[in-house]
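Let's take a walk through this structure together. Have a look at it first, and then we'll go from rings to strands to charges to a helix.

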Amino acid sequence: MRMKYFEYSLTDPSVQYYEILESLIERWEFEIVEFKEAKGQYDTDKAGRYFSAISNEANLKHQQFGWFILGVSEKGKVRHIVGTNFKQGEGNLERFKYEVARGTTGEISFIDIIELTPIVDGRTYRVLMFQIPAAVTGIPTGWKGNYYARAGESLLALPQFKIDMIRSQTRQDWSKQLLNGATCECLDKEAVAIARQKYKEKMNKEYISKEIDHMTDEQFLTKLKLMIGGKLTAAAMLLLGNPDYDYLFASPPTMMWRLYGADGKDLDYELYTIPFINVIDKIFLRIRNLKYRYMPNQMTLFPEETQQYNMWLLRELLNNCIAHSNYQLGGRIYINEFEDRIKITNPGDFLPRDIKAVLEVSYNPPFYRNQLLAETMNKLCMIDTATMGIRKVFRIQKEKYFPMPDYDLSNESQVAVTIYGKTLNENYMHILYDNPNLDLQTVFLLDQVQKGRKLSKESVDYLRKLKLVEGKMSNLYLSSAVAKSIDNSAQYIKNKGFDDQYYKDLIVQYLEVYHSARKKDIRALLWEKLPEALSDQQKEYKIGNLLASLKRAKVIKPSTSNQQKNEWILSK
């Protein structure tokens, strides 16, 4: 019989987590579970090392996640709740989540942070459960450039054999799996004809068009790798399959359009099944796309006129849902249309973890969930796999002076994105109209302000330096007097800085000339070129991140294991 460590209400919405906590205390610490007393605060660097270790061990044990728990003790060999004041206060846990992400591989952070209030002897305590995701297949999770592991309850460096085990993992591509019983007879002839035409348009070469025209369906599908060894892949059936044969999937893929009125009531809906190659055109016939008029500038007498939604933008987002959904979850893609916005949801987590990372010019995705499907959709002119599609979506909204898309990643098994079909804030419009050269990262921050979202102190300081916002941290608002205040492009670059690749290139060029460098040499090289909006501490952190990134990419390496005498040199 399980021992009772605390009491809790069975009607509490978090009842499942109380049950998990109880079972974890009973089992106690092992490779993917760590308890800390942490009655007051806890060192972020130590937490980051545990994050790395638990993430790597969860991967090796084929688990989806592990746990790091604060507020539980085993002093005196008795396991008991002691409570914790760690990061108490509004927004502190979210900021901690962001701090951890800045030091991890791929900027991954906690799946969730659960705050519980168990009762012991009539007294209520606070316990924090940090849910840590398993390392991505083939990529160990690091903390500030180092990898960690567990041996029982002990924390240690990740041994080389475990690094090799993770790096040698083969990622399973759902879209490449062969469907039993699926033959060319199970395909939709019109869909195959569309695929042929789209492929010829993509390749845009006369000899390739002639080659495709003389191919049988089997030869064409084999060329696209949609047919392997005479058998159809899941990607082939998803894009080109006859709906009468959707039972060949363990869970048939579907999409649903739903229309809502101003009062939130359902007005209409339609369900769509395979083939998905032309499903977006069918959905477009249902979406209302009205004319919208607005005044983006205070000085003009004539309003701007535009459609509520850019159809390329919607096509890109919907096709991204098709390409990157986790079909093994058995969920459905939804297109929910409201009077002033469209919300699109699809099953599966957002692999970049943070939308801000995607907006960086130098961003590269760690991998594609459905590699064959994504590659095929690119060949058929359906999506952009050069990591530019989402950035273009944001640029389109920016050029219309509309709010940025909202990505909701709070649900680990679902991605939701909302596209606005109207303006929200006049000052936001005026700033974008008067300053068309603002980069996407800055516009993203302005958009967060107009929506009343909280920003980090670093982000607020940066916007203040550009004179784009006013007010206190707790009541921030967009400046109405910004006008042309940042027209000076030289000052704007000083405030904003350059993209990371610029700084990395400078480091490499320095090492090519001088062959080695201490960190102080790199500091002297970059310091005056880093954004003026950054504090000295933030500049130090930025330089450390740049060096760690180059080390992870095997561009540079330390000259010796002795940290006191260590210099950076080129790896090749």
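Rings of Phe, Tyr and Trp (its six-membered ring) count as a pair if their centres lie within 6.5 Å, with planes under 30 degrees apart called stacked, over 60 edge-to-face and the rest tilted. What you're looking at is a predicted model, so local features need pLDDT of at least 70 and side-chain atom pairs count only at pLDDT 80 or more, while totals for chains, interfaces and linings use all residues. Residues are numbered from 1 along each chain as its sequence is written, and side-chain values use heavy atoms, with hydrogens and water left out.

Start with the rings. Which residues do ring pairs link into a cluster? They are Y42, Y50, F51, F68, F86, F96, F110 and F130. The total for the structure comes to 23 aromatic pairs. One of them is F68 with F130, a tilted pair at 6.1 Å centre to centre and 50° between the planes. F68 belongs to strand β2 (residues 65-70) and F130 to strand β8 (residues 127-133), so this pair ties together parts 62 residues apart in sequence; strands here are DSSP runs (E, at least two residues) and helices are too (H or I, at least four), numbered from the N terminus.

Next, some strands. Strand β21 (residues 414-420) is largely enclosed by the rest of the structure, because 6 of its 7 residues are buried. On one pairing, strand β19 (residues 341-347) runs antiparallel to β21 over 7 bridges; strands count as paired if DSSP finds at least two bridges between them. In that pairing, P347 stands opposite Q414. β20 and β21 are also antiparallel, joined by 3 bridges, and D408 has A416 in β21 as its bridge partner.

β20 leads us to the charges. The side chains of R453 and D406 meet in a salt bridge at 3.0 Å, N to O; the term needs a side-chain nitrogen of Lys or Arg within 4 Å of a carboxyl oxygen of Asp or Glu. D406 sits in strand β20 (residues 406-408) and R453 in the loop between α15 (440-450) and α16, so the pair ties together parts 47 residues apart in sequence. D406 is buried, with a relative accessible area of 11%, whereas R453 is partly exposed at 36%. What else joins in? D406, D447, K451 and R453 are linked in a network of salt bridges. The structure holds 25 salt bridges.

Finally, pick out helix α20 (residues 536-552). Its 17 residues should span 24 Å at 1.5 Å a residue, and the end C-alpha atoms are 24 Å apart, which agrees; the expected span is 1.5 Å times one less than the number of residues. Several residues of α20 are buried, including I543, L546 and L547. What do the buried residues pack against? Their partners are α16 (457-465), α18 (500-514), α19 (519-526), β24 (556-558) and β25 (568-570), with contact meaning heavy atoms within 4.5 Å. Just after α20, K554 takes a positive phi of about 60°.

Conventions. Buried means under 20% relative accessible area, exposed over 50%, partly exposed in between (1.4 Å probe, protein chains only).
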